[in-house]
Amino acid sequence: MTKREEQKYVELIPQEQKELVIKRLQGRGALVPCSRCGSGELILEDGYFHLVVQSDLHNISIADGSPAIPLIAIVCRNCGAIYLHTLIALGVFDNAVDEKDNETLDKK
Ligand SMILES: [Zn+2]
């Protein structure tokens with residue numbers, strides 16, 4: 001990687017977070033060859049994704065504060081299939097917000 005390329009490259013997910021995601025996927029038996037093409041060349045995409053949760057199919061909006069599911073994506077380098085996993089189920093999502101909610105519920 002040239003110096004110029006190094007300057008352009010910004011790591012979107014911290015390395016320790018990536019390692020934790022991979023460890024959790026392995027621990028759950030979820031790092032297996034691609035179910036579409038059988039390739040073992042799978043990579044963790046560098047970045048987080050969200051699925052917006054909505055109750056209305058006709059007024060789709062992504063900027064109205066709708067709840068969203070935080071995700072990571074495993075991508076097959078051979079066929080491009082994408083596998084999404086919720087950070088919550090993997091126990092990787094920063095649960096500081098959940099802890100704060102629990103404190104609020106305890107006080108009620
Ligand atoms: Zn594939």
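1. **Overall fold.** The protein contains three helices and four strands. Of the 108 residues in the protein, 6% are buried. Among contacts between residues at least 6 apart in sequence, 51% join residues at least 24 apart.

2. **Confidence of the prediction.** The mean pLDDT of the protein is 81, and 77% of the residues reach 70 or more. Among the elements, strand S4 (residues 82–86) has the highest mean pLDDT, at 97, whereas helix H3 (residues 96–107) has the lowest, at 40. Over residues 95–108 the pLDDT stays under 50, and for this stretch the model has zero contacts beyond four places in sequence.

3. **Strand S3 and its partners.** With which strands does S3 pair in the antiparallel sense? One partner of strand S3 (residues 68–76) is S1, joined to S3 by three bridges and running antiparallel to it. Strand S2 (residues 49–52) is also antiparallel to S3, and four bridges link the pair. S4 is a further antiparallel partner, joined to S3 by five bridges.

4. **Individual bridge partners.** Leucine 44 has isoleucine 74 in S3 as its bridge partner. Isoleucine 74 also stands opposite tyrosine 83 in S4. Isoleucine 72 is paired in the bridge pattern with histidine 85 in S4.

5. **The hairpin of S3 and S4.** Five residues lie between S3 and S4, and the two strands form a hairpin. In the turn, glycine 80 has a positive phi of about 85°.

6. **Glutamate 41.** This residue is found in the loop between helix H2 (15–27) and strand S1 (42–44). Is glutamate 41 buried or exposed? Glutamate 41 is exposed, because 12 other C-beta atoms lie within 10 Å and a residue with 12 or fewer is classed in this way. Leaving aside residues up to four places away in sequence, glutamate 41 touches Cys76, Arg77 and Asn78. The C-alpha atoms of glutamate 41 and valine 75 are separated by 8.4 Å, although the two residues are 34 residues apart along the chain.

7. **Valine 52.** Valine 52 lies in strand S2. It counts as partly exposed, because it has 13 C-beta neighbours inside 10 Å. Residues up to four places away in sequence being left out, valine 52 touches Ile62, Ser66 and Ala68. From C-alpha to C-alpha, valine 52 and alanine 68 are 4.2 Å apart in space, while in sequence they are 16 residues apart.

Technical notes:
Residues numbered from 1 in each chain as written. Predicted model: local features only at pLDDT ≥ 70, side-chain atom pairs only at ≥ 80, totals over all residues. Buried ≥ 20, exposed ≤ 12 C-beta atoms within 10 Å, placed from the backbone. Contact = placed C-beta atoms within 7 Å. pLDDT = per-residue confidence, 0-100. Pairing = 2+ DSSP bridges.
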